[in-house]
Amino acid sequence: MEQTIKKPRFTKRQRTRIKHGILHIVLLLCSVGFMFPFLWMLFTALKTPQELLLGFEQFFPADPQWGNFKEAVTMIPFLLYLKNSLIIVILVVTGTLFSATTTAYAFAKLRWKGKEKWFIIMLATLMIPIQVILIPTYVMYSYIGWLSTRLPLIVPAFFGGGAAFYIFLLRQFFMGVPKELSESAVIDGASHIQIFFKIMLPLSKPALMTVGLFTFMATWNDYFGPLIFLSNPDHWTLAIGLRAFQTRFGGRYDLMMAASILVMLPTLVIFFFAQKSFIEGITFTGIKG
Amino acid sequence: MKKQTIGSLKQLRKKENRMGYLFASPWLIGIIVLGAFPILASFYISFTSYDMSSAPQWVGLKNYIILFTNDDVFWKSLWNTIYHVVIAIPLGLIVGIILALLLNNKIKGMSIYRTLFYLPCVVSIVAMSLLWMWLFQPQFGIINEVLSPIYNLFNMEPILWLQSSSTSKITLILMGLWTAGGSMVIYLAQMQDIPTSLYESAEVDGANWIQKTFRITLPLMTPSIFFNFIMGIIGGFQVFTIAYIMTNGGPAQSTYYYAYYMFDKMMSDQAMGMASAMAWILLVIVLIVTMFALRLNNKVVYLGEEG
């Protein structure tokens with residue numbers, strides 16, 4: 001028996017060290033893979049058209065063309081698109097927060113007839129491809145003359161459009177708020193509207209933050225919705241503007257990358273500052289869903 | 001006194017019921033006007049010929065019959081989409097799980113790696129499409145530049161990526177792996193919920209990391225794997241934007257996906273009846289696949305508990 005118990009070549013601690021060393025190398029390689037496209041995007045945006053053709057030969061931009069950003073901004077009505085994106089994003093975030101919190105409160109804290117059935121219906125909407133409702137809504141908006149406005153992208157948010165995930169997330173969060181808090185408020189004579197505004201919403205700031213961020217990202221990056229519903233070029237968002245840029249200056253990758261960086265910069269910055277509520281939110285919906 | 005409390009309790013219940021409907025009313029209105037009504041309307045429109053300029057004309061099953069029996073593009077686009085789903089979803093799952101397994105090791109800097117891997121997921125899909133068009137560009141793109149030693153070694157022609165119908169679909173799938181960090185975050189969170197005592201007792205029994213991964217980690221992750229799987233399938237059948245921006249559905253319609261064809265039917269041809277029929281076929285496909293996946297889910301979770 002004693003012969004089989006050999007002294008290990010490495011102690012346990014050494015083994016973990018070696019293992020972690022290898023892991024770090026693998027993870028660093030993966031990180032390079034994930035990050036390199038961003039880096040190349042930036043280098044491309046700072047190069048001259050001639051440098052673009054050289055590839056690795058001219059890895060770094062020889063003379064960074066910061067003017068490319070200015071040129072990209074002036075070649076399309078960038079500020080107009082920025083304004084349109086902001087208008088839509090702000091209103092959609094507001095609308096989603098409104099409809100998702102009220103509905104989640106009803107599902108989490110109130111007893112009403114048919115609640116369970118409606119809840120299942122809400123979860124089922126997650127599975128329905130948008131194409132199925134697209135055509136009748138398009139026809140409907142065209143009949144009431146909304147296709148020349150931004151309303152088709154904004155109004156649904158106030159009625160829980162695309163918010164099933166967020167309603168679910170907020171419901172889980174509200175259910176975690178101790179009953180005693182609202183019950184003592186009821187004894188004190190508070191109405192549900194007061195409980196909602198004075199107890200639930202202040203306690204749910206992290207969840208509201210998560211929902212707001214997700215909605216911001218999804219709306220800012222949305223391409224399909226504006227493509228279908230924004231017929232008036234004066235209402236185009238940055239996503240649509242970027243595509244228009246491509247169709248007009250398709251070969252100029254230096255300028256296209258500069259414009260793309262400007263479009264994605266707000267999402268990257270916000271993600272960096274708020275990544276905690278982001279990642280918590282994703283894992284929350286992902287696991288509990 | 002007693003009666004009064006019962007009466008007021010009933011009143012309270014009634015009031016709560018009213019409040020429930022009041023609070024849910026924005027969503028309830030939305031689900032009826034912007035959900036239920038459009039779904040039923042699109043079902044009706046799918047049996048009509050409708051171009052929005054005149055009232056819908058009832059044509060019965062004609063749209064469906066034409067699509068199934070007399071429309072090669074329909075089958076082509078369906079095939080392209082199924083190809084995309086069948087390869088992209090499992091591949092994305094595997095890459096996401098591998099990344100999560102790598103990060104699930106109590107190493108320093110885990111959250112930094114996690115942030116870096118997740119970062120591509122917040123990029124606008126249009127910006128991402130333009131970026132990868134440039135990376136995959138056959139003559140000057142960086143990917144072919146990196147691969148050129150291999151091309152030279154085997155004396156091969158450079159791959160044309162998006163510009164050849166034989167590689168375009170797989171190129172779009174490869175690009176999609178850049179966003180595998182999104183599902184990774186979910187897997188990782190679930191992995192970290194697994195109690196360490198399970199691993200410790202497995203270690204006492206002499207299990208190595210392969211056994212621990214396949215016997216403990218993966219079986220306990222089936223809920224989030226299936227969540228991502230189902231969401232991936234539903235999203236995968238709707239793939240549109242990347243092809244619209246990067247390939248225009250080409251070359252030779254090799255990336256002309258189902259949702260793209262439907263979009264053209266709707267926006268270019270104004271063939272709302274035909275497009276609605278396509279939407280309903282899509283819904284049925286998605287529902288069947290989802291039901292199948294849910295069945296499979298029950299089985300796999302069961303097996304996981306037994307093993």
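Predicted model: local features only at pLDDT ≥ 70, side-chain atom pairs only at ≥ 80, totals over all residues.

Q: Let's zoom out. What is the secondary structure of chain A?
A: Chain A comes to 14 helices and zero strands. Read from the N terminus, its elements are α-α-α-α-α-α-α-α-α-α-α-α-α-α.

Q: How does the radius of gyration of chain A stand against a compact globule?
A: A compact globule of 289 residues would be near 19 Å, but chain A has 26 Å. Its C-alpha trace spans about 85 × 75 × 35 Å along the principal axes.

Q: What percentage of chain A is buried?
A: Buried residues account for 40% of the 289 residues in chain A.

Q: What about contacts between residues at least 24 apart in sequence?
A: Taking the contacts in chain A between residues at least 6 apart in sequence, 77% join residues at least 24 apart.

Q: What domains does the assignment give for chain A?
A: The domain assignment gives domain 1 (12-68) and domain 2 (76-288). Their centres, taken over C-alpha atoms, are separated by 34 Å.

Q: How many residues are in contact between those two domains?
A: Eight residues of domain 1 of chain A are in contact with eight residues of domain 2 of chain A. On the domain 1 side, the elements giving two or more residues are H1 and H2 (49-52) of chain A. By class, that domain 1 side has five nonpolar, two polar and one charged residues.

Q: I keep clicking on Met41(A). Where is its place?
A: Met41(A) sits in helix H1 of chain A.

Q: Buried or exposed?
A: Met41(A) is buried, because it has 24 other C-beta atoms within 10 Å, and the cut-off for buried is 20 or more.

Q: What is Met41(A) in contact with, leaving aside its neighbours within four places in sequence?
A: Met257(A), Ser260(A), Ile261(A) and Leu131(B). So there are partners from both chains in that list.

Q: How far apart are Met41(A) and Lys198(A)?
A: They're 157 residues apart in sequence, and 47 Å apart in space, going C-alpha to C-alpha.

Q: Over to chain B. How do H8(B) and H10(B) cross?
A: The axes of H8 (residues 181-193) and H10 (residues 209-236) of chain B come within 9 Å and cross at roughly 145°. The crossing of H8(B) and H10(B) is right-handed.

Q: Which residues make that contact?
A: From H8(B) it's Ser183(B), Ile186(B), Tyr187(B), Gln190(B) and Met191(B). From H10(B) it's Thr217(B), Met221(B), Ser224(B) and Asn228(B). By class, the contact has four nonpolar, five polar and no charged residues.

Q: What's up with the peptide bond from Gly250(B) to Pro251(B)?
A: That bond is cis, with omega near -10°. Pro251(B) is found in the loop between H11 (241-246) and H12 (258-267) of chain B.

Q: Why does Asn248(B) count as exposed?
A: Because Asn248(B) has 12 C-beta neighbours inside 10 Å, and exposed means 12 or fewer.

Q: What about Gln270(B), where is its place?
A: Gln270(B) is in the loop between H12 and H13 (272-306) of chain B. Gln270(B) is not a glycine, and its phi is positive, about 55°. With 13 C-beta neighbours inside 10 Å, Gln270(B) counts as partly exposed.

Conventions:
Residues numbered from 1 in each chain as written. Chains lettered and ligands numbered in written order. Helix = DSSP H or I, 4+ residues; strand = E, 2+ residues; numbered from the N terminus. Rg over C-alpha atoms; globule rule 2.2 N^0.38 Å. Contact = placed C-beta atoms within 7 Å. Domains from an automatic or database assignment. Nonpolar A, V, L, I, M, F, W, Y, C, P; charged D, E, K, R; others polar. Axes fitted to C-alpha atoms, helices over the stretch in contact; angles between N-to-C directions. Left-handed = near helix turned anticlockwise from the far one by under 90°.
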